[in-house]
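Here's a walk through this one, taken a piece at a time. Have a look at the picture first, then follow along.

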Amino acid sequence: MPQSTVSTIVKNKEKWLAKEIGHNPLAKKFKSVADIRLERSMEIFVNQARASNLPLSGAIIQEKARAFATQLQLPEFKGSSGWLTKFVKRQKLSFKKICGESAAVDTEMTDEWVNSTLPGLIDEYEPHNIFNADETGLFYKCLPDKTFTFQKESCHGGKFSKQRLSVMCAANMDGSEKLPLLVIGKSKNPRCFKNVKSLPVLYESNTKAWMTSLIFEKWLIDLDKKFEMENRQVLMFVDNCTAHPKAVQEKLKFIKLHFFPPNATSVLQPLDLGVIKALKHHYRHSLVKQRIDEMEQRKAFTEITVLDAINILSKAWAVDVKPSTISSCFRKDS
């Protein structure tokens with residue numbers, strides 16, 4: 001055994017003597033925590049959140065740790081990804097799902113469309129005049145379905161709410177323009193809209209809160225008038241579904257519609273390649289933060305209304321979904 005190793009062992013003899021019998025010296029060890037108060041506060045926080053069936057993402061845990069560090073006057077604490085990884089291992093946390101479409105895609109057809117058809121379609125348009133529009137369903141009262149939880153804990157969430165909205169998103173190729181969201185609910189005038197003079201989104205309704213050909217046509221015609229006022233010729237990509245009638249093209253002067261090939265939007269449509277996912281992520285992140293605030297203030301969880309959902313969605317779309325995310329998803333498509 002080298003002399004340096006012997007010296008190191010002798011120097012740290014107190015630490016080795018303090019080890020409990022049966023400890024495996026070859027087992028991987030972690031450095032002692034930077035501050036035991038912070039570690040204990042986070043352990044209590046995770047326990048409280050899981051007891052309240054609140055899903056915890058890595059970002060939520062890091063954000064909460066930074067808040068505790070500020071309260072504990074730990075200016076050097078950064079709450080980095082490395083800290084998160086070590087915290088997860090120390091606390092024996094696992095990322096679990098609370099108890100697709102792309103498999104059916106013809107890759108030869110989509111490759112042919114991207115390489116041969118797409119270049120000819122976009123050649124006459126500048127990136128800021130090339131748009132993609134797509135709608136998605138949102139169970140607006142539901143929290144994320146994955147969470148960090150203790151490894152020995154069975155993973156259960158709260159009751160799954162089936163109240164939904166449909167949300168139409170539209171953005172251009174370089175990410176410089178995100179059109180106002182179109183939200184479709186079940187009620188024409190929800191009770192929560194009382195005394196509300198304006199909404200940050202466009203709002204339509206029908207009994208199922210679904211996109212319909214009439215709503216789609218109205219939205220496009222109004223959008224066509226906007227582009228006419230701006231003197232812009234625009235190319236708009238949409239998916240091939242019954243709620244998107246091709247006949248509406250005859251009523252448009254400044255929008256050229258193009259429909260993606262059937263059963264291929266999961267790999268061709270830019271908004272499906274990460275934009276809508278980012279919107280829902282930020283929406284649910286905001287819901288979890290609100291729940292955590294209520295939990296820590298010992299308040300009853302407030303009911304999420306359609307108006308609440310609209311306001312959170314609008315902020316997530318306007319602020320949190322970045323132009324770089326949108327342009328990156330368009331590049332994936334092309």
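This is a predicted model: local features need pLDDT of at least 70, side-chain atom pairs count only at pLDDT 80 or more; totals for chains, interfaces and linings use all residues.

S4 covers residues 164-172 and pairs with strand S2, residues 130-139, in the antiparallel sense, with 9 bridges between them. You can pick out individual partners here: phenylalanine 139 has arginine 164 in S4 as its bridge partner, and leucine 138 stands opposite leucine 165 in S4. S4 also runs antiparallel to S5, to which 3 bridges join it. There, methionine 168 stands opposite leucine 182 in S5. What holds pairs like these together? Strands of a sheet pair through hydrogen bonds of the backbone, and they can do so in a parallel or an antiparallel way.

Now zoom out to the whole sheet. In what order do the strands of the open sheet come? The order is S6-S5-S4-S2-S7-S8, which is 6 strands with mixed pairing. Strand S6 (202-205) and strand S8 (255-259) stand at the edges; each has a single partner strand, so one side of each has no neighbour in the sheet. Going from one strand to the next, the twist averages 25°.

Helices lie against this sheet too. Helix H6, residues 107-122, lies across S2, strand S7 (234-238) and S8, and runs at about 145° to S7. Helix H7, residues 213-229, packs on the sheet as well, where it touches S2, S4, strand S5 (182-185), S6, S7 and S8. The direction of H7 makes about 140° with that of S8.

H3 and H4 pack at an angle of about 135°, and their axes are 10 Å apart. That angle makes H3 oblique to H4, and H3 passes H4 in a right-handed crossing. Which residues make the contact? From H3 come Leu38, Ser41, Met42 and Phe45, while H4 brings Ile60, Ile61, Lys64, Ala65, Phe68 and Ala69. Sorted by class, the contact of H3 with H4 has 8 nonpolar residues, 1 polar and 1 charged.

Is glutamate 39 buried or exposed? Its relative accessible area is 9%, and buried means under 20%, so glutamate 39 counts as buried. Leaving aside the neighbours within four places in sequence, glutamate 39 is in contact with Val33, Phe87, Arg90 and Gln91. Phenylalanine 68 is 29 residues away from glutamate 39 along the chain, yet their C-alpha atoms are separated by 9.6 Å.

H4 has another helix to pack with, namely H9. H4 passes H9 in a right-handed crossing. On the H4 side you'll find Ala59, Ile60, Glu63 and Lys64, and these meet His285, Val288, Lys289, Ile292 and Glu296 in H9. By class, this contact of H4 with H9 has 4 nonpolar, 1 polar and 4 charged residues.

Histidine 285 is found in helix H9, residues 275-296, and it counts as buried at 18% relative accessibility. Which residues does histidine 285 touch, leaving aside its neighbours within four places in sequence? They are Ala59, Ile60 and Glu63.

Finally, two loop residues. Glutamine 73 sits in the loop between H4 and helix H5 (81-90). Although glutamine 73 is not a glycine, it has a positive phi of about 60°. Its relative accessible area is 69%, so glutamine 73 is exposed. Arginine 298 is found in the loop between H9 and helix H10 (306-320). Arginine 298 has a positive phi of about 55°, again without being a glycine, and at 78% relative accessibility it counts as exposed.

Technical notes:
Residues are numbered from 1 along each chain as its sequence is written. Side-chain values use heavy atoms; hydrogens and water are left out. Helices (H or I, at least four residues) and strands (E, at least two) are DSSP runs, numbered from the N terminus. Buried means under 20% relative accessible area, exposed over 50%, partly exposed in between (1.4 Å probe, protein chains only). Contact means heavy atoms within 4.5 Å. Two strands pair if DSSP finds at least two bridges between them. Axes are lines fitted to C-alpha atoms, for helices over the stretch in contact, and angles run from 0 to 180 degrees between N-to-C directions. A crossing is left-handed if the near helix is turned anticlockwise from the far one by less than a right angle, and right-handed if clockwise. Ala, Val, Leu, Ile, Met, Phe, Trp, Tyr, Cys and Pro count as nonpolar, Asp, Glu, Lys and Arg as charged, and the others, Gly among them, as polar. Angles under 35 degrees count as roughly parallel, over 145 as roughly antiparallel, 65 to 115 as roughly perpendicular and the rest as oblique.
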